[in-house]
Amino acid sequence: MNILGINAYHGNASAAVVCDGQLVAAVEEERFNRVKHAAGFPHQAVRYCLEEAGLTIQDVEHVAIPRNPWARMGTKLFYALRMPGFALDRSQVLRRFSGIQQDLAQACHVDPNGVQAQQHRVEHHLAHLASAFFVSPFDQAAVLSTDGLGDFASTMWATGRGNRLEVHGAVSFPHSLGLYYTAPRQYLGFWKFGDEYKVMGLAAYGEPAHEGEFRCMVKPHDRHGFRLGLQYFCHHQRGPQMSWPEANKTPILGRMFSPFLEERLGKSRVPSEPITKKHQDIAASLQAVLEEAYFRLLNSLYQATGSKAVCLAGGVAFNCVANGKIFDHTPFSEVYVQPAAGDAGLAVGAAYYVYHEILGHPRSFVMDHAYWGPQFTPGAIRQALAASAIKGSDFSLQELANEELTRLAAEHIAAGKILGWFQGRAEWGPRALGNRSILADPRRAEMKQVLNRRIKHRESFRPFAPSILEEATARYFARSQSSPFMNLAYSVKPEQRRKIPAPTHVDGTGRLQTVSRSANPLYWALIRDFEKLTGVPVLLNTSFNDNEPIVLEPGEAIDCFSRTNMDVLVIGNHLIEKRTSHANPSPEPVFPA
Ligand SMILES: [Fe+2]
């Protein structure tokens with residue numbers, strides 16, 4: 001039984017293949033076309049997933065599409081009658097989806113009549129719920145999906161039991177916790193699609209001085225969980241305007257905040273303007289009130305389900321700061337958020353919805369690692385190196401067995417070098433989790449600035465993340481629950497903050513990745529070797545890129561290494577060092593072992 005899941009004509013286009021209930025491959029289109037959050041049809045992701053599974057499109061029995069243009073038709077008609085622009089937008093959506101057979105055939109280089117698979121339309125939030133629960137380790141759990149908008153709903157909650165989801169409720173357009181966050185994100189001058197995580201990072205610098213105002217923007221509601229104060233927004237008047245240019249597929253959202261928000265908080269920030277204390281306080285207020293609404297929803301969900309385990313999906317489930325506080329603010333004791341919790345994850349969710357809910361098959365799969373993307377053979381890596389500019393006296397190149405590789409790499413990191421780490425299958429989801437990562441010494445307080453200056457070129461207020469050996473979590477963090485996909489932030493224990501200053505955020509938290517030996521043995525061994533040298537079982541881990549999607553192929557990793565001021569590249573079993581390497585950020589770590 002082969003099922004192809006496709007998230008198309010939406011941000012974070014992606015594909016996934018499930019064979020007999022087992023996930024075989026999942027990847028976002030952005031990794032191939034190099035456009036962040038790429039929308040449109042995921043031609044290359046579909047081709048890769050089928051190839052990885054050893055299938056042609058003729059071998060696929062079911063195609064699962066996480067979009068149902070006919071869902072919530074009453075609400076859609078109501079808004080279509082009020083807004084001509086909205087009706088036009090809906091007709092474009094319907095036209096795009098009617099062409100999916102052609103796009104799929106084109107992606108697979110076959111005639112449209114050659115695609116015989118049965119197509120299933122799965123409502124957006126049902127696919128989110130399925131993506132959260134059906135790949136979780138739980139047989140029973142509360143399940144919550146919260147995002148900006150999909151199929152005219154923003155939130156849905158359910159009980160997951162075995163191979164079934166029992167939906168308890170939903171919140172329809174225009175009320176949305178995702179859009180509640182997006183509108184002030186734009187007001188603060190962050191206009192790029194998906195930049196909510198930047199505002200979450202900024203929030204740690206401020207005080208929630210404007211909480212009262214934000215409580216008027218999102219208010220509790222007995223039946224629906226929450227309601228927006230619509231005078232602060234304009235999406236309900238213009239429709240949810242999302243588009244992407246054919247040429248580059250970057251999703252663009254129209255302006256979401258109304259002039260009333262500026263009346264209340266003052267003029268919005270132009271992106272080129274400096275960030276002031278007021279902006280930090282606005283971000284902190286936004287985050288604080290989001291958390292209040294989120295925990296209210298979760299507490300109601302607990303009341304409805306009685307389950308101590310919760311599975312989360314939708315863009316709001318990427319709010320790792322809120323997720324990390326769930327244990328303190330709700331009765332839930334177990335939280336599962338799969339690595340592609342946002343819309344990319346819909347491809348997996350729709351496929352599993354079809355497998356379990358529609359076809360009735362029992363559960364047999366748990367997503368306990370994130371490595372579902374392309375990998376490259378040692379031959380392909382050698383070929384990429386041979387074709388690159390990595391030659392001559394400017395570089396030293398060694399090919400090493402795993403034990404020597406991790407030992408030497410750990411030595412370089414402990415000596416203050418910045419190291420690119422490219423191994424195995426690419427990560428599913430937006431986080432680098434030890435297969436396409438840039439790694440550095442967490443003990444050096446200045447490393448955050450050094451990384452930004454030399455490679456990442458990103459806003460100084462954004463934190464870097466720690467990867468920690470799973471078994472050491474409780475020694476360094478206030479919580480011991482595992483966080484394999486970097487979707488939860490915990491407090492770093494006060495006495496440990498001086499040991500790992502670089503990935504500890506200004507509020508004392510870290511968006512940690514707990515690394516288990518079973519999920520990623522080589523990355524685990526590297527951190528273990530670093531601990532042997534330094535006494536610290538933690539590495540600073542950031543994505544292998546420079547203002548672009550995470551590198552996918554060896555050539556992209558080598559190019560990023562060559563054009564930035566990275567010191568060392570470990571790619572497969574090759575360790576390459578720049579002889580013209582920059583001086584260490586400091587001669588000794590801040591906290592010598
Ligand atoms: Fe969504």
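**Close-ups of a predicted model**

**View 1. Strand E1 and its partners.** Six bridges tie E1 to strand E2 (residues 14-19), and the two run antiparallel. This is a predicted model, where local features need pLDDT of at least 70 and side-chain atom pairs count only at pLDDT 80 or more, while totals for chains, interfaces and linings use all residues. Residues are numbered from 1 along each chain as its sequence is written, and side-chain values use heavy atoms, with hydrogens and water left out. Helices (H or I, at least four residues) and strands (E, at least two) are DSSP runs, numbered from the N terminus; two strands pair if DSSP finds at least two bridges between them. Look for Ile3 opposite Val18 in E2. E1 and E2 make a hairpin with six residues between them, and Tyr9 in the turn has a positive phi of about 55°. E1 is also joined to strand E4 (residues 62-65), this time in parallel and by three bridges, with Leu4 standing opposite Val63.

**View 2. The two faces of E1.** How many of the six residues of E1 (residues 2-7) are buried? Six of six, which leaves the strand mostly covered. Here buried means under 20% relative accessible area, exposed over 50%, and partly exposed in between (1.4 Å probe, protein chains only). In a regular strand, side chains alternate between the two faces of the sheet. One side of E1 has Asn2, Leu4 and Ile6, the other Ile3, Gly5 and Asn7, and both faces are covered.

View 3. Val60 sits in the loop between helix H2 (43-53) and E4. With a relative accessibility of 5%, Val60 counts as buried. Skip its neighbours within four places in sequence, and Val60 is in contact (heavy atoms within 4.5 Å) with Asn2, Leu4, Leu50 and Ala117. Gly114 is 54 residues from Val60 along the chain, and their C-alpha atoms are separated by 11 Å.

**View 4. Helix H16 and what its buried side packs on.** In H16 (residues 378-386), Ile381, Ala384 and Leu385 are buried. Seen down the helix axis, the buried residues of H16 fall within an arc of 100° (taken from the directions from the axis to the C-beta atoms), so they line one face. The face turned away from that buried side carries exposed Gln383 and Ala386. Packed against the buried residues of H16 are helix H21 (554-563) and strands E23 (568-571) and E24 (574-578).
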